[in-house]
Amino acid sequence: MNRIVSIELKTVVFVAMLMIFSSQAVGWEEFMVFDTTDDQEAPDVYGEIIVWQQFVEQYGDYDIYIADINNLAEPFVFVIGDANDQMYPAVYENTVVWQDYVIWEQYEDWDIWAADINDPGDMLILPVSEIAGNDEQFPSVSGNTVVWQDGSAGDFNIYGADITDPYSPAEFLVTELELDQQNPVVYRNTAIWQDNSFGDEDVVVADIWQRNKPDEFYFPYYEDQQQNPALSGDIAVWQDDRSGNWDIYGADISEPDSPAEFAISTESSSQENPDIDGHIVVWEDNRHANWDIYGYNLTTKQEFRITDDTSNQINPAVSGNVVVWEDYRNGKADIYAVVLDGPEVMGCISKLAGDLNGDCRVNFDDFAIMASQWLHSNFDQP
């Protein structure tokens with residue numbers, strides 16, 4: 001059944017002026033993305049496009065809001081919505097995906113939909129997956145590939161679709177192991193998700209370049225939990241409770257047979273819900289008795305604090321130097337953002353010959369590494 005025909009549209013698109021409210025946040029100017037009395041949640045960002053779900057009190061349901069902050073002097077917001085709920089959006093370039101609650105003749109369930117927002121006044125809005133009686137939820141998008149969790153509680157699997165032809169998405173199975181596979185993320189031809197097929201939550205990755213035969217590989221199995229993975233390039237990050245509380249860990253997955261793990265933040269408090277883009281990792285952190293947003297520079301190996309308001313800031317997302325999050329400083333959920341700059345987010349333009357530890361500098365740390373290997377060699381022994 002065609003969704004557009006089967007339900008009465010409440011709103012397809014409207015355009016409004018974006019209102020910016022700024023305050024100082026640990027050296028950066030953070031701002032409210034869109035001022036409203038409605039609750040705003042679950043943000044995502046790509047470049048200068050920010051998306052989120054908003055509970056519209058006037059209609060009593062969730063719609064998808066999209067803000068283009070390219071020109072802060074004349075920015076705007078537009079909306080995708082209808083008489084039911086649209087939730088958990090994700091964005092890549094000009095493509096926005098979300099889960100959409102559809103009422104069929106005999107079923108009510110979640111489906112995956114997508115929109116080409118290149119022209120907000122004339123958007124192409126089409127279904128990606130709409131299997132009647134089956135829930136498709138929590139989509140992620142990269143390029144022309146969308147992935148999501150598919151099924152019912154107790155047996156979620158990961159599916160994907162190539163949306164190169166938006167009128168005829170080519171759906172494919174990523175994994176259908178026993179029990180649940182959830183919270184998938186896609187980056188180019190790699191998908192990552194949390195998987196409880198082995199008695200606890202683990203992080204699993206798959207090369208999905210071959211659509212009909214994804215190549216899965218696993219991190220070392222731990223008795224503890226790994227959840228909420230994110231991915232950028234060859235670096236995966238997730239929250240991990242191997243120390244008795246949630247920490248942020250990462251791994252270089254360029255060698256799938258032996259992923260190189262490393263700790264990012266292991267404070268005695270909890271660190272949760274990481275996201276990554278390039279060399280910047282962000283997460284929510286409660287080391288100060290409330291949730292703040294923190295960041296970590298994978299190049300310089302330095303941690304930095306992004307928010308310091310005494311209310312809670314949660315669910316961060318990052319793209320380039322833009323960080324967005326869900327913020328409760330006004331007594332409800334708002335979407336805030338900040339554009340980072342300065343030494344905290346600097347990266348390497350090119351590799352320095354003497355930079356042995358990869359921090360974009362040649363200093364005594366590199367000399368210490370060199371000295372520890374003085375006169376060593378890696379020649380094969382005869």
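**Entry 1. Terms and basis**

I take helices (H or I, at least four residues) and strands (E, at least two) as DSSP runs, numbered from the N terminus. The model is a predicted one: local features need pLDDT of at least 70, side-chain atom pairs count only at pLDDT 80 or more, and totals for chains, interfaces and linings use all residues. Residues are numbered from 1 along each chain as its sequence is written, and side-chain values use heavy atoms, with hydrogens and water left out.

**Entry 2. The chain as a whole**

I looked up the secondary structure and found 2 helices and 30 strands in the chain. For burial I use these classes: buried is under 20% relative accessible area, exposed is over 50%, and partly exposed is in between (1.4 Å probe, protein chains only). Of the 382 residues, 50% count as buried. I also looked up the accessible surface, which comes to about 17700 Å², with 48% of this belonging to carbon and sulfur atoms. Such areas come from the Shrake-Rupley method with a 1.4 Å probe; for residues, only the protein chains shown count as cover.

A contact here means heavy atoms within 4.5 Å. Among the contacts with a separation of 6 or more, residues 24 or more positions apart account for 41%.

Asn228 has a positive phi of about 50°, and its place is in strand S20 (residues 226–232).

I then turned to Asn157, which belongs to strand S14 (residues 155–162). Asn157 counts as buried at 11% relative accessibility. Leaving aside residues up to four places away in sequence, Asn157 touches Trp148, Gln149, Asp150, Thr175, Glu176, Leu177 and Gln181.

**Entry 3. Aromatic rings**

I noted that a pair of aromatic rings is described by the distance of the centres and the angle of the planes. Rings of Phe, Tyr and Trp (its six-membered ring) pair if their centres lie within 6.5 Å; planes under 30 degrees apart count as stacked, over 60 as edge-to-face and the rest as tilted. By this rule the count is 10 aromatic pairs.

One of them joins Phe55 and Tyr62 edge-to-face, at 5.1 Å centre to centre and 65° between the planes. Phe55 is partly exposed at 23% relative accessibility, whereas Tyr62 is buried at 16%. Tyr88 and Phe138 form a tilted pair, at 4.8 Å centre to centre with 55° between the planes. Tyr88 lies in strand S8 (residues 86–92) and Phe138 in strand S12 (residues 135–142), so this pair ties together parts that are 50 residues apart in sequence. Tyr88 is partly exposed at 32% relative accessibility, and Phe138 is partly exposed at 26%. I also recorded one aromatic cluster formed by Phe34, Trp52 and Tyr65.

**Entry 4. Salt bridges and charges over rings**

I count a salt bridge where a side-chain nitrogen of Lys or Arg is within 4 Å of a carboxyl oxygen of Asp or Glu. The whole structure holds 10 salt bridges.

Arg287 forms one with Asp285, the closest N and O atoms being 2.8 Å apart. Arg287 is partly exposed at 23% relative accessible area, while Asp285 is buried at 0%. Arg287 also meets Glu303 in a salt bridge (2.8 Å, N to O). Glu303 lies in strand S27 (residues 302–305) and Arg287 in the loop between strand S25 (280–285) and strand S26 (292–297), so the pair ties together parts that are 16 residues apart in sequence. Glu267, Asp285, Arg287 and Glu303 are linked in a network of salt bridges.

Elsewhere I found Lys332 and Asp334 in a salt bridge (2.2 Å, N to O). Lys332 is buried at 18% relative accessibility, and Asp334 is buried at 1%.

A charge sits over a ring if NZ of Lys or CZ of Arg is within 6 Å of the ring centre and within 35 degrees of the ring normal. Arg287 lies over the face of Tyr294, at 4.1 Å from the ring centre. The charged end of Arg329 sits over the ring of Tyr336, 4.3 Å from its centre.
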